[in-house]
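Reader: Hi! Could you walk me through this one?
Author: Happy to, here it is.

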Amino acid sequence: MTTTDAARYDDQGDVPLGGYAALASVFAGSAGAFALLARRRGVRLPEEVPPWDVALMGTATYKASRLLTRDKITSFVRAPFTRRAGAGEGSEVMDEPRGSGVRRAVGDLVSCPFCTAGWVAGALVCSYAAAPRLTRLVCGGLSALTVADWLQYAWTATQQTTEG
């Protein structure tokens with residue numbers, strides 16, 4: 001991607017379109033590699049995905065993407081690509097991307113729970129195709145953590161209401 005292409009796309013010219021293209025290629029290549037490997041190993045895709053499994057994977061995708069992009073403890077994953085911008089709710093932190101090119105593109109990815117969710121969902125779908133029971137167990141754990149977070153926030157709100 002040339003600088004003029006980026007400038008035409010974004011007035012400020014700081015959108016790392018080439019880095020985004022590289023990341024999209026990695027995602028597509030990984031999905032293709034999984035499909036080839038699964039086919040060679042004789043993995044049979046499920047005939048259908050029950051709504052309960054979709055909800056379980058959706059909740060797990062939500063929580064895993066938040067853990068990767070906002071949790072203090074996973075800052076070491078984001079640190080090469082982001083800088084701390086502030087504190088969020090609970091134990092969450094807000095990071096912003098740094099650098100340029102692929103580094104900036106990765107920073108955009110790992111600092112955005114919505115962006116990371118697509119990658120997490122892709123990994124969970126591949127895992128579900130290859131090992132549905134294991135994937136349900138992992139998703140169940142992440143979903144339980146999501147419920148626990150909601151209960152923590154509800155408890156905190158209740159305490160603040162009764163104290164205020």
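Author: Let's start with Arg 136, which is partly exposed because its relative accessible area is 34%; partly exposed means between the limits for buried (under 20%) and exposed (over 50%), with a 1.4 Å probe and protein chains only. This is a predicted model, where local features need pLDDT of at least 70, side-chain atom pairs count only at pLDDT 80 or more, and totals for chains, interfaces and linings use all residues. Residues are numbered from 1 along each chain as its sequence is written, and side-chain values use heavy atoms, with hydrogens and water left out.

Reader: Which side chain does Asp 149 meet in a salt bridge?
Author: That of Lys 63, at 2.1 Å from N to O. Asp 149 is in helix α7 and Lys 63 in helix α3, 86 residues apart. Lys 63 is buried because its relative accessibility is 8%, while Asp 149, at 22%, counts as partly exposed.

Reader: How many salt bridges does the count come to?
Author: The count comes to 7.

Reader: Switching topic: which residues make up the largest nonpolar core?
Author: There are 9, among them Leu 56, Met 57, Val 120 and Cys 139. A nonpolar core is a set of buried Ala, Val, Leu, Ile, Met, Phe, Trp, Tyr and Cys residues joined through side-chain atoms within 4.5 Å. Helix α3 gives the most to this core, with 4 residues.

Reader: What does Cys 139 touch?
Author: Not counting residues up to four places away in sequence, Cys 139 touches Leu 56, Met 57, Ala 60 and Leu 124. Contact means heavy atoms within 4.5 Å.

Reader: Last one: where does Arg 98 lie?
Author: Arg 98 is in the loop between β2 (93–97) and α5 (101–110). A polar atom of the Arg 98 side chain lies 2.3 Å from the backbone oxygen of Ala 79.

Note on methods
Helix = DSSP H or I, 4+ residues; strand = E, 2+ residues; numbered from the N terminus. Polar contact = N/O pair within 3.5 Å; in protein donor to acceptor, adjacent residues only side chain to side chain. Salt bridge = Lys/Arg side-chain N within 4 Å of Asp/Glu carboxyl O.
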